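I am opening my notebook for a walk through a new structure. Please look along with me as I write down what I looked up.

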2 protein chains.
Amino acid sequence: MCEAPIGVFDSGVGGLTVYRRIVELLPREAVVYLGDTARVPYGTKSADTVIRYARSCAGVLLARGVKMIVVACNTASAYALEALEAELAVPVVGVIAPGAATAAGISRGGRIGVIGTPGTIASGAYDRAIRGRRPDARVHAKACPLFVPLAEEGWTDGPVPLGAAQAYLEELRAAAVDTLVLGCTHYPLLAGVIGAVMGEGVALVDSARETARAVAKVVVERELLRKSSTRPDHRFLVSDDPENFMRIGRRFLDDVLPAVEWVDF
Amino acid sequence: MCEAPIGVFDSGVGGLTVYRRIVELLPREAVVYLGDTARVPYGTKSADTVIRYARSCAGVLLARGVKMIVVACNTASAYALEALEAELAVPVVGVIAPGAATAAGISRGGRIGVIGTPGTIASGAYDRAIRGRRPDARVHAKACPLFVPLAEEGWTDGPVPLGAAQAYLEELRAAAVDTLVLGCTHYPLLAGVIGAVMGEGVALVDSARETARAVAKVVVERELLRKSSTRPDHRFLVSDDPENFMRIGRRFLDDVLPAVEWVDF
């Protein structure tokens with residue numbers, strides 16, 4: 001079982017930010033990454049649909065023999081994590097609890113902002129996770145639907161993303177949050193403009209980084225660390241065109257992706 | 001057969017701009033509108049995936065007994081119209097030929113701009129359709145991926161859409177086009193900023209309006225006009241959450257939508 005890969009899925013390319021942090025922390029692990037690019041995005045879709053999609057993604061990864069599953073998508077974590085944990089025999093790690101725990105831990109005054117897709121915000125998952133750790137916290141959540149297409153378009157600085165950030169973040173600035181959770185795997189690409197709008201006093205929590213730590217913890221605690229010293233295999237699967245995934249994926253990895261394979265759902 | 005409804009499908013809400021024009025021209029016709037909101041958008045996906053989705057949408061409409069099918073999505077028209085025309089027994093009307101014909105007809109100097117999704121632009125469908133009608137035309141095409149999320153977010157004026165329009169349309173202004181085809185059903189919502197950036201001398205072609213005329217022509221020529229004088233039934237089907245469709249759909253119709261029904265694909 002230890003030699004088996006870690007399975008990671010996301011609605012598309014965004015989860016590559018999580019993949020990248022996992023590989024940094026666990027360079028000897030094999031990984032299978034699945035991007036459900038034929039049905040992306042999840043963030044604007046309903047709970048029922050996202051749960052259905054998350055189940056089918058987990059099924060594809062299990063068929064590849066993964067030893068654990070990382071739900072590297074905030075919306076899928078918000079809506080489907082409980083169902084997957086209940087149904088699957090392998091450990092499942094989502095992206096919400098790690099980021100929420102960090103935010104609850106580092107916030108000075110307990111005023112915590114969360115930004116994410118409409119689905120993630122509507123689910124209330126961050127609010128529950130943060131207040132579960134820190135009952136006195138005041139959580140201010142805001143959906144920022146345009147941040148995903150801006151990141152995918154590569155418009156991460158300049159007047160358009162800055163204007164969007166100013167419009168979306170006005171409420172959170174007014175609420176004087178001291179900590180802001182980037183509750184979508186795409187948002188680290190916009191950290192420059194988000195940080196500029198929020199100001200230097202506000203700590204940004206990147207859930208990708210925190211999730212990789214949670215994955216490493218599970219791998220170690222469950223004695224799942226890969227033993228072999230051969231070079232680990234990293235595979236990329238997508239449900240739509242591999243070329244497009246490679247093109248946009250480059251922005252997320254600052255690197256060229258290896259071969260990407262198409263899978264039919 | 002005449003009493004049967006006209007079937008209209010789109011990846012989501014955008015096709016409501018076409019639906020609206022059809023109802024204006026043909027107020028006695030029954031209509032079944034299908035928005036594939038579980039898999040929206042089509043515009044950033046590959047030809048193979050879009051063709052597969054278009055076939056399944058047509059199948060849902062045929063199961064409802066429609067007398068013709070309107071592909072009210074530019075990307076689906078660009079990639080899947082030929083396949084649907086070849087495979088289906090009912091007439092099929094897409095949104096590209098009508099807009100292209102109008103642009104070819106009204107352009108003074110033959111310099112025609114086309115804006116659309118990455119899929120529509122990559123297909124070259126407008127370029128072929130315009131130059132088929134007017135071989136001397138010079139077609140300048142530009143993908144504008146952010147226009148769809150901007151329209152769905154309701155950000156149709158102000159600095160963010162204006163900045164996006166300035167960035168996307170710079171090339172078309174430099175090419176001195178005299179006519180611009182809004183080659184995506186969402187774009188009429190942004191006609192204000194698009195028109196402002198292009199300037200008064202540039203004619204905007206709204207393919208929704210032209211498509212409704214093409215639909216009316218087919219209905220008349222094939223003797224498919226509904227005879228009954230009872231109030232026609234208009235049904236709305238979606239593959240994801242009906243509530244969200246009704247909320248965003250309102251922006252496209254300037255009106256409240258009647259009950260929307262969920263369909264499983």
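**Entry 1**

I looked up B:E24 and found it partly exposed, because its relative accessible area is 48% (buried means under 20% relative accessible area, exposed over 50%, partly exposed in between, with a 1.4 Å probe and protein chains only). B:R21, with 18%, is buried. The side chains of B:E24 and B:R21 meet in a salt bridge of 3.2 Å, N to O (a salt bridge is a side-chain nitrogen of Lys or Arg within 4 Å of a carboxyl oxygen of Asp or Glu). Both residues lie in helix α1 of chain B, residues 16–25, three residues apart, about one turn of the helix. I took helices (H or I, at least four residues) and strands (E, at least two) as DSSP runs, numbered from the N terminus.

A note on how I read things: this is a predicted model, where local features need pLDDT of at least 70 and side-chain atom pairs count only at pLDDT 80 or more, while totals for chains, interfaces and linings use all residues. Residues are numbered from 1 along each chain as its sequence is written, chains are lettered from A and ligands numbered from 1 in the order in which they are written, and side-chain values use heavy atoms, with hydrogens and water left out.

How many salt bridges does a search of the whole structure find over all chains? I noted 24. Side chains of opposite charge can pair when their charged atoms come close.

A:E87 counts as partly exposed at 42% relative accessibility, and A:R55 is partly exposed at 40%.

Next I checked A:K142 and A:E171, which meet through their side chains in a salt bridge of 2.8 Å, N to O. A:K142 belongs to strand β6 (residues 138–143) of chain A and A:E171 to helix α8 of chain A, so parts 29 residues apart in sequence are tied together. A:E171 is partly exposed, at 46% relative accessibility.

**Entry 1: where the chains meet**

I then turned to the contact between the chains, which takes 28 residues from chain A and 28 residues from chain B (contact means heavy atoms within 4.5 Å). Chain A and chain B bury about 1900 Å² between them, 59% of it on carbon and sulfur atoms; buried area is the accessible area (1.4 Å probe) that two parts lose on being put together, summed over both. Which residues of chain A lose the most area to chain B? They are A:L146, A:W155 and A:D240, together 24% of what that side buries.

I counted zero salt bridges between chain A and chain B. The rule does find 14 residue pairs in polar contact across this interface, both residues at pLDDT 80 or more. A polar contact is a pair of N or O atoms within 3.5 Å; within protein, one must be able to donate a hydrogen and the other to accept it, and residues adjacent in sequence count only if both atoms are side-chain atoms.

**Entry 2: two loop residues**

I went back to A:D240, which lies in the loop between β9 (234–238) and α11 (242–253) of chain A. Is A:D240 buried or exposed? It counts as buried, because its relative accessibility is 4%. Not counting residues up to four places away in sequence, A:D240 touches residues that include A:W262, B:T44 and B:K45. Its side chain is joined to that of B:S46 by a polar contact of 2.4 Å.

B:S239 is buried, at 4% relative accessibility. Its side chain makes a polar contact of 2.7 Å with the side chain of B:D36 and reaches the backbone nitrogen of B:T37 at 3.0 Å. Leaving aside neighbours within four places in sequence, the contacts of B:S239 include A:T49 and A:R52.
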